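Please consider the structure shown below together with its sequence.

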Amino acid sequence: RGTPVTVRLVKGAYWDRETIRAQQHDWPQPVYNDKAATDVNFERLTRLLLEHHEYLYAAIGSHNVRSQALACAIAETLNIPPRRLEMQVLYGMGDKLAKALAKRGHRVRVYCPYGELLPGMSYLIRRLLENTANSSFLRQNLENRPIEELIAPPQLDPQKPEFAPQSLPFANAPDSDYAQGEIRDRAWQTLSNVRQQLGQSYQPWINGEFVSTQGTAQSLNPSNPDEVVGTVGLISIEQADEAVATAKAAFSAWRQTPVAERAGILRKAAELMEQRRHELNAWMVLEVGKPLRECDGEVSEAIDFCRYYASEMERLQGETAYDIPGETNRYHYQPRGISLIISPWNFPLAIPTGMTVASLVAGNCTLLKPAEVSSVIAAQLAQILIEAGIPKGVFQFIPGKGSTVGAHLVKHPDVQMITFTGSQEVGCQIYRDAALLQPGQKHLKRVIAEMGGKNGIIIDESADLDQAVAGVVQSAFGYSGQKCSACSRVIVLESVYETFVERLTEAVRSLNVGDASKPGTQVGPVIDAKAQQRIREYIAQGKQEGTVAVELASPEPGYFVGPIVITEVAPEATIAQEEIFGPVLAVLKVADFDEALRVANDTNYALTGGIYSRTPSHIDRAMAEFEVGNLYVNRGITGAIVSRQPFGGFKLSGVGSKAGGPDYLLQFLEPRTITENIQRHGFAPIEGAE
Ligand code: NAD
């Protein structure tokens, strides 16, 4: 009605914020594989727009003479008045075309980028890359190709699919877009509401009830330890035994509960997390000192785990037939039984959620023992699972001391499997304890242990150093270096060493260290006083082992450790070998790429690693030889996404299949084969039966 709506039609890969966000939803995202497919679609849309010229004012933006000529031809054929459409060309790029179009009586808009210099430069560079591509019209025009060829209709290659395959069947939950003021306001408002709820008490959930305990632990805000986030009841050994007995009693019904119902509970939990996203974020900011944006990514990950494992279990249910004539062979999975989850504090929501829901959806009765310092967030997770409808005894929330209750449950004869994420020291202890057959135990325990890392990034002489510096800083100092995937060693080739270190130092100097609840904070505190002390000892040692390039101050009164970069570190130095789990980065200089790979692999760990390089042979070698579970090329090494980057390591970084990947659930299941000889002659009655 009234004035037509202007629709601007342009070609090209517009990887702007909106497109990327849209990709995270599950609506169809046609991304053309082939230039000709883009052109065909452009022509299809030109026709569609012009056919509706009474309602839509078409702005045809292209420097391709064929595309513009087609628009002219359609407009002529349909007798569209000249003022009902316009042609657009970029200033300085299609001058002759603009003149020719104007001469034919068309409206022509010549546009140019306007505004900030840096985004403008990157825009122009993108245009240069596009326009100098072999398939670009402008490039072909410069090569003086025959006019017939230039204006020929685009030909689709029948061998190529028109769209890039939608290879990701799973849609990840999108993070909050804090660029929107409304979302920012809600986040900060929720943070201040949650602050009003600090200091409450949380109880374990055993046999469908909240139970009181003799022992309690206070959880403190690491940004401001005077603030008690909550008091959590710690279970006793007797209560741990009661939880196991209850789980045993609940197992028979849970294993028979249809997968659809179990998966439904996970999806409901995901929905509740989505509704409480800002609240969960706020609890994390306050309990573990993680800056808001990183908490938000973690909530998305927890939601993804629920939805992904729900659909994975649906994939694995039922039986597979390997029949031959006269014999049926049926393969299926059954749950394992009582499953113990022991989680760390550094991903206080996503990790316990992932391990717990995987175990539950597979049909196991599951006990969650969270890390003491992040028990309040774990209590929020327990609340969500309870609200989502998990039956009593099937899931139990059992906060307690790792060294007593945790160790006791690991050895409990009725516990069938232990899923642990945490330090190498504790993981190895659990592996050892679980291997001992206890009196009355009728099975061997399965242990999944995700442990530490000493993750390195290689920077070779061809690396884009701007990109490398940004990636290293984010990977090393995001969440104060307390991610298992964090970068703690950069291995730099001699020829770029000085330049890299200089830029890295400046970038680190610009980091904002402070209270995790402040919007400007990039690096918050470390988790507790013990961690702060341990990291400081490593720093003192590091100062003996290398040269301090930059060290930032530690604000008071929280458990802060200022980010520090130590250069000229030898590969065998303590700070180049041991997991520090804090904002400490060692820089190692190497002579060539061979040495870089050797140094990178020379640790006990194999969790994450990265390489910044523009040399294909180096990238190929890193892919083949860099011994890590998750390798990242030309990007940061943290922030794995469920189903897109299944996560986990090997060597002393862990044992088990990758979290958020297609093999993960299999670990919680026991495969069975049932073979039946069907070459029989009827059934015989049971002897003695009527
Ligand atoms: P941690 O080993 O100190 O504690 C982990 C859990 O084990 C806690 O719940 C703790 O109470 C429990 N525990 C402690 N002693 C125990 C015992 N003797 N028996 C049974 N349970 C016991 O680890 P943390 O400090 O919470 O977490 C940091 C560590 O986790 C780092 O080493 C990090 O690399 C690792 N991590 C690894 C991954 C991964 O996916 N590979 C992910 C996150 C964290």
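**A strand and its partners**

Threonine 421 stands opposite glutamate 450, a residue of strand S16. The model in which this pairing is found is a predicted one. Strand S15, residues 417-421, runs parallel to S16, and 5 bridges join the two. Between these strands the reader may look for helix H16, residues 424-435: S15, H16 and S16 together make a right-handed β-α-β unit.

S16 also pairs with strand S26, which consists of residues 654-655. Here the two strands run antiparallel, and 2 bridges join them. In this pairing, alanine 449 stands opposite valine 655 of S26.

**The whole protein**

The secondary structure of the protein amounts to 22 helices and 27 strands. Its C-alpha trace spans about 95 × 85 × 55 Å along the principal axes. The protein has 690 residues, of which 51% count as buried. Among contacts with a separation of 6 or more, 75% are made by residues 24 or more positions apart.

Asparagine 630 has its place in strand S24, residues 630-633. Its relative accessible area is 6%, and because buried means under 20%, asparagine 630 counts as buried. Which residues does asparagine 630 contact, leaving aside its neighbours within four places in sequence? They are Leu607, Thr608, Gly609, Gln645, Pro646, Phe647, Gly648 and Lys658. One of these, proline 646, is 16 residues away along the chain, and the C-alpha atoms of asparagine 630 and proline 646 are separated by 8.1 Å.

Glutamine 532 belongs to helix H19, residues 529-545. With a relative accessible area of 12%, glutamine 532 is also under the 20% limit and is therefore buried. Apart from its neighbours within four places in sequence, glutamine 532 is in contact with Val526, Gly558, Tyr559, Phe560 and Val561.

**Backbone exceptions in the loops**

Most residues other than glycine have a negative phi, and most peptide bonds are trans. Several places in this chain may be read against that background.

A cis peptide bond, with omega about 0°, joins glutamate 556 and proline 557. Proline 557 lies in the loop between strand S19 (547-551) and strand S20 (564-567).

Serine 480 is not a glycine, yet its phi is positive, near 50°. This serine is located in the loop between helix H17 (465-477) and strand S18 (487-493). Is serine 480 buried or exposed? Its relative accessibility is 1%, so serine 480 counts as buried.

Phenylalanine 581 likewise has a positive phi, about 60°, although it is not a glycine. The loop that holds phenylalanine 581 lies between helix H20 (574-577) and strand S21 (584-590). At 17% relative accessibility, phenylalanine 581 is under the 20% limit and therefore counts as buried.

Note on methods. Residues numbered from 1 in each chain as written. Predicted model: local features only at pLDDT ≥ 70, side-chain atom pairs only at ≥ 80, totals over all residues. Heavy atoms only, no water. Pairing = 2+ DSSP bridges. Helix = DSSP H or I, 4+ residues; strand = E, 2+ residues; numbered from the N terminus. Right-handed = clockwise from strand over helix to strand, strands pointing away. Buried < 20%, exposed > 50% of the residue type's maximum accessible area, 1.4 Å probe, protein only. Contact = heavy atoms within 4.5 Å.
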